[in-house]
2 protein chains.
Amino acid sequence: MELNLGAHLTGKRGTPDYFTGEVWVEALAQSPSSNVQMARVSFAPGARTAWHTHPAGQILYISSGRGRVQKQGEPLREIHAGDTVIIAAGEKHWHGAAPDCPMQHIAVHTVVGGNSADWMEQVSDADYGG
Amino acid sequence: MELNLGAHLTGKRGTPDYFTGEVWVEALAQSPSSNVQMARVSFAPGARTAWHTHPAGQILYISSGRGRVQKQGEPLREIHAGDTVIIAAGEKHWHGAAPDCPMQHIAVHTVVGGNSADWMEQVSDADYGG
């Protein structure tokens, strides 16, 4: 058993290669037996990921605020604290905060061959605006 | 992509076979490609799981409150909102609220052959009291 105390966490600024706007990532846990990783990600209003996919999918638990998520080819969806988003393997999508509200989520994904995400182009203002 | 809206969740009372005190479990997500399950579990003050193990381990993210976790043969540890607990495969342990404060956590584990936990004896008041 291992405890990772929130009081000692260090945030890392999300790289502009994969994010638009101010994003902070805190690595929370990696379960060695199953390669499951957990991270807490905080998006300032207007901030979002680039388009990306996950080799084994991802679960997002919205821990606070209000945001947006979109699967390629589908309409943008609003997400709120307490919601869960299940992203299938290989599904191209993005997620982020609302324009006028921060959003924080707990992200859970499985690492496959050392890789947990494949990153693509940034989300344009037009796509972000819906 | 699938959204599970928190506003529509239904809680299920934790069975007295596996829990002591008042516990509510909300199933949040199952990622089909990797058999990763996520649930939100709310413990009233004094409530706790029985002793148990997980075939592929578990990650707990303490979403609110204050609680306790113990691995067999080790001292009881205090846990607080924002902390993460990583439980290895087969590690016998329990978790629950503090005697004077509720605790809520997000639990993430991998299902192996249809099974995500093996349940054992209840946590006695002496063990719970530390």
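Two residues are in contact if their C-beta atoms, placed from the backbone, lie within 7 Å. This is a predicted model: local features need pLDDT of at least 70, side-chain atom pairs count only at pLDDT 80 or more, and totals for chains, interfaces and linings use all residues. Residues are numbered from 1 along each chain as its sequence is written, while chains are lettered from A and ligands numbered from 1 in the order in which they are written.

**Exercise 1. Confidence**

Task: State the pLDDT of chain A and the scores of the model.

Solution. Start with the scale: pLDDT is the predictor's confidence in each residue, from 0 to 100. Chain A has a mean pLDDT of 95. In chain A, 100% of residues reach 70 or more. Then take the model scores: ipTM is 0.94 and pTM is 0.95.

**Exercise 2. The fold of chain A**

Task: List the elements of chain A and compare its radius of gyration with that of a compact globule.

Solution. Helices (H or I, at least four residues) and strands (E, at least two) are DSSP runs, numbered from the N terminus. Chain A has 13 strands and one helix. Read from the N terminus, the order is β-β-β-β-β-β-β-β-β-β-β-β-β-α.

Next, the radius of gyration, taken over C-alpha atoms; the globule rule is 2.2 Å times the number of residues to the power 0.38. For 130 residues, a compact globule would come near 14 Å; chain A has 14 Å, so the two agree.

Last, the contacts. Of those in chain A with a separation of 6 or more, 71% join residues 24 or more positions apart.

**Exercise 3. The contact**

Task: Count the residues in the contact and find the bridge partner of A:V85 in β1(B).

Solution. Chain A gives 34 residues and chain B gives 34 residues. Among the elements of chain B that each supply at least two residues are β1 (2-4) and β8 (58-71).

Two strands pair if DSSP finds at least two bridges between them. Strand β10 (residues 84-87) of chain A runs antiparallel to β1(B), joined by three bridges. The partner of A:V85 is B:L3.
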